[in-house]
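Please look at the model below with me.

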Amino acid sequence: MKIGLLTSGGDCPGLNAVIRSAVLHGIKSYGDTFLGFRHGWAGVLADDAVSLVRADVKGLAREGGTILGSSRTNPFDGPNGGADAVAEVLERRQVDALVAIGGEGTLAGAKRLADAGLPVIGVPKTIDNDLRGTDYTFGFDTAVSIATDAMDRLRTTGESHRRCMVAEVMGRNVGWIALHSGLAAGAHAVLIPEQPVSMDQLCAWVTEVHERGRSPLVVVAEGFVPEGTETAPALATAADGRPRGVGEVITAAIEERTGIETRNTSLGHVQRGGNPTGFDRVLATRFGMAAVDLVRDRQWGRMVSIQGTEIVRVDLTAALDGLKTVPAERWAEARALFGR
Ligand code: F6P
């Protein structure tokens, strides 16, 4: 078969490992050929593609980013979009199946195309780990490990100065990265969008840690809004009119209310860059191989997923049923270790 691959949405460590294993497995096991569409759905709509052979994927499992490039283009947007336009490109290129590797938006597009009768399957990805239908997505473990390492470093400089250190991590809607990195680094407060915490409560935790002679370490997900305050953008405007992230906002508030010198570090896209961890390489590699098997079985409208330790197949709708938020009991586990 001739199989098209695309990577779409925010990039993620492990995308290249999926491409590598799909190409190697397809070529070696079935004699398939591969075409990589560049910059996600944009490449499909513009018919911008390159053929992928064994030499193109050599050593790729360890490389961050995506050799195909990515974009947030939706296949149904714009005058050139829509199922007919995609079908035309697949036909012209004689592509028998398309593997869409991406997050919620990408998989929603893949589902609509499959519903329109196109041979499309999905591979889930996001560093946020907020996709339903799979226990884990590759990229998450790498992000957690980068955030944990950053907090280990913030702790030593914080302790030298007896400062409170705030680390803002990614997670627009969910707090999985904050929860896992906070647990791993032994943070004194873990602030996530799913769990309301007031500034009074946070300052009480910070003061208590400081009074014990320690340097408070606070991890906050970018989508967290302190209880009793406005929405994040409304409170996040500095005197100079510059938008501020929640890390900066709570850092200023802690310092003002407690008198404890406090510093913020927003990790930003550092969490998405660089080489994937071993865990993410293995997960992405297994997903890539399973995706080719899914194609061979003509399971259009489905995606690969991990449940426990098994790679399974689920309908794409499983990933599109709202975000996978952090359950209250998972936050309570972390909460039991900080504050009184
Ligand atoms: O969804 C992945 C993610 O990294 C979020 O955690 C973050 O809020 C967002 O993407 C950043 O998007 P962009 O790279 O487009 O700024």
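**Asking what the words rest on**

Q: Which residues does G105 touch, not counting residues up to four places away in sequence?
A: G105 touches G9, R72 and N74, where contact is taken to be two C-beta atoms, placed from the backbone, lying within 7 Å. This is a predicted model, in which local features need pLDDT of at least 70, side-chain atom pairs count only at pLDDT 80 or more, and totals for chains, interfaces and linings use all residues. Residues are numbered from 1 along each chain as its sequence is written.

Q: Why is G105 called partly exposed?
A: A residue is buried if 20 or more other C-beta atoms lie within 10 Å of its own, exposed if 12 or fewer, and partly exposed in between. G105, which is found in helix α4, has 17 C-beta neighbours inside 10 Å and therefore counts as partly exposed.

Q: What makes E104 partly exposed?
A: E104 has 18 other C-beta atoms within 10 Å, so partly exposed is the word that applies. E104 is found in helix α4 (residues 104-115), helices being DSSP runs of H or I with at least four residues, strands runs of E with at least two, both numbered from the N terminus. Leaving aside its neighbours within four places in sequence, E104 is in contact with L131, A319 and L320.

Q: Why is helix α6 (residues 176-185) said to be largely enclosed by the rest of the structure?
A: Because 8 of its 10 residues are buried, α6 is described as largely enclosed. The buried residues include W176, I177 and A178, and what covers the buried residues of α6 includes α5 (140-161), β6 (164-169) and α11 (328-335).

Q: Why are α7 and α9 called roughly perpendicular to each other?
A: The axes of helix α7 (residues 199-211) and helix α9 (residues 246-258) come within 10 Å and cross at roughly 65 degrees. Angles under 35 degrees count as roughly parallel, over 145 as roughly antiparallel, 65 to 115 as roughly perpendicular and the rest as oblique; α7 and α9 are therefore roughly perpendicular. The axes are lines fitted to C-alpha atoms, for helices over the stretch in contact, with angles from 0 to 180 degrees between N-to-C directions.

Q: Which residues of α7 and α9 meet?
A: M199, L202, C203, V206 and T207 in α7 meet I250, A253, I254, R257 and T258 in α9.
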